[in-house]
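Student: Hi, can we go through a structure together? I'd like to start with the aromatic rings.

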Amino acid sequence: LRGQRQPALSRQPRTMFLLRLLFKNAFRHRLRTVLTMVGLVVAICAFGLLRTIVDAWYAGVEGTSSTRLITRNSISLTFPLPLSYADRLRSVEGVTGVSWSNWFGGVYITERNFFPQFAVDAPSYLALYPEYVLKDDEKKAFLLDRQGVIVGRKLADTYGWKVGDQIALRGTIYPGTWVFNLRGIWDGVDAKTDESQLLMHWQYLSETARKRLGRSMADYVGVYVVRIDQPDNAPVVSERIDTLFRNSLAETLTETEKAFQLSFVSMSETILVAISAVSLVIVVIIMAVMANTMSMTARERLSEYATLKALGFPPGFIVKLLFGESLVIALLGGGLGMALTLPIAAAFAKSVGTLFPVFLVSDLTMALQLAASVVVGLVAAAWPAWKMSRISIVNGLRHVA
């Protein structure tokens, strides 16, 4: 018999023969295989989506610049800083640019439409953020219109805004209805740039606030944005700034832009740890399901493996069959899960609006999904492969009908 089959095997590559055998074995019990693959697809999709959510929380950190510092009130962000600090900051050695911003906190139609809104000193602020790519004519129109605003592309697409539209915001910190003219829409220089913000003129906010609320709120800013000459000088320049305002009525705390963004992320660190843990638990659960599938497969084919050993095939061949079949199922299910992650993530990002400024499935997440699929396939086949490789021919042939 073996002499008759040998010429057939020599006419085709051994690898192709083995792959055909693995696929036939994998789909011998089609319903079980399909259900296992569905579980893998769901698990890999959920793993990738949860990982992307965690990455989205850190997106603001990844998009920061190493040459920008943030100076705020040392007590809390809720306490402003005097506008007079700007000139003193420019005199600090190592500082090459200074601007400021103030949180506006307006409501667009309903409270559910949340997005960041900052009143900024437009000329100096845009000079510090070259990653905001704005057309020259739109930039000029914004600078000339004190009631003008500019927004990121993602924010404009979310609400269907076009250049020339009027945007009405209901003030919370600054009461009243504020109507702004949309003068420009910027695009990020790369995928990590935040395109979900609205920027308005601080001068317009200051003058209007002075009329409505008095001078007390008009001559203060939320934070200062400071550009430095060298990233390595960040600790030294930060210390110089804080020393300059030490023992003043409004002492400062200066840190890198990355550290400033991380301070917000740290507030949700417990939630992020929980999400990461859940993503791993999902993989472990599907690993157990896959291991059960391979164990059932091995028990059903006990007599076949004993026959192969009786014909002279080594235990290693049986191990290859089980590991190969497990990897075929795991990679097919994992591949489908990876392919579905992209449209699911895009639909999720659209549904949450501007909650996550950047929501993209990273290459690292895709690599982790692939690695998880491979690990599931290997671990699931480990015990059945070891057990079947040690089965005796006599005990195995007892199961032959």
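Student: How many aromatic pairs does a search of the whole structure find?

Tutor: The search finds 25 aromatic pairs. Keep in mind that this is a predicted model.

Student: Let's take tryptophan 100 and tryptophan 202. Why is the pair edge-to-face?

Tutor: Look at the planes of the two rings. They stand at 85°, and over 60 degrees counts as edge-to-face, so the pair gets that label. The ring centres are 5.9 Å apart.

Student: Where do the two tryptophans of that pair lie in the chain?

Tutor: Tryptophan 100 is in strand β3, residues 95-103. Tryptophan 202 is in helix α9, residues 202-213. The pair links distant parts of the chain, 102 residues apart.

Student: Are tryptophan 100 and tryptophan 202 buried or exposed?

Tutor: Both are buried.

Student: And what about the rings of tryptophan 100 and tyrosine 224?

Tutor: Their centres are 6.3 Å apart and their planes are at 70°, so this pair is edge-to-face. Tyrosine 224 sits in strand β11, residues 223-228, and tryptophan 100 in β3, so the pair ties together parts that are 124 residues apart in sequence. Tyrosine 224 is buried, as is tryptophan 100.

Student: Which residues form one aromatic cluster?

Tutor: Phe104, Tyr174, Trp178, Phe180 and Tyr204 form it together.

Student: What lies over the face of tyrosine 129?

Tutor: Arginine 68 does, at 3.9 Å from the ring centre.

Student: New topic: helices. At what angle do α2 and α14 pack?

Tutor: About 70°, with the axes 9 Å apart. Helix α2 covers residues 14-26, and helix α14 covers residues 315-351.

Student: Why are α2 and α14 called roughly perpendicular?

Tutor: Their angle of about 70° falls in the range 65 to 115, so they count as roughly perpendicular.

Student: Is the crossing of α2 and α14 left-handed or right-handed?

Tutor: The crossing is right-handed.

Student: Which residues make the contact?

Tutor: From α2, they include Leu18, Leu21, Leu22 and Phe23. From α14, they include Phe317, Leu321, Val328 and Leu332.

Student: Last one: where does valine 289 lie?

Tutor: Valine 289 is in helix α12, residues 269-300.

Student: Why is valine 289 called partly exposed?

Tutor: Its relative accessible area is 38%, between the cut-offs of 20% and 50%, so it counts as partly exposed. The C-alpha atoms of valine 289 and arginine 30 are separated by 16 Å, with the two residues 259 apart along the chain.

Note on methods. Residues are numbered from 1 along each chain as its sequence is written. This is a predicted model: local features need pLDDT of at least 70, side-chain atom pairs count only at pLDDT 80 or more; totals for chains, interfaces and linings use all residues. Side-chain values use heavy atoms; hydrogens and water are left out. Rings of Phe, Tyr and Trp (its six-membered ring) pair if their centres lie within 6.5 Å; planes under 30 degrees apart count as stacked, over 60 as edge-to-face and the rest as tilted. Helices (H or I, at least four residues) and strands (E, at least two) are DSSP runs, numbered from the N terminus. Buried means under 20% relative accessible area, exposed over 50%, partly exposed in between (1.4 Å probe, protein chains only). A charge sits over a ring if NZ of Lys or CZ of Arg is within 6 Å of the ring centre and within 35 degrees of the ring normal. Axes are lines fitted to C-alpha atoms, for helices over the stretch in contact, and angles run from 0 to 180 degrees between N-to-C directions. Angles under 35 degrees count as roughly parallel, over 145 as roughly antiparallel, 65 to 115 as roughly perpendicular and the rest as oblique. A crossing is left-handed if the near helix is turned anticlockwise from the far one by less than a right angle, and right-handed if clockwise. Contact means heavy atoms within 4.5 Å.
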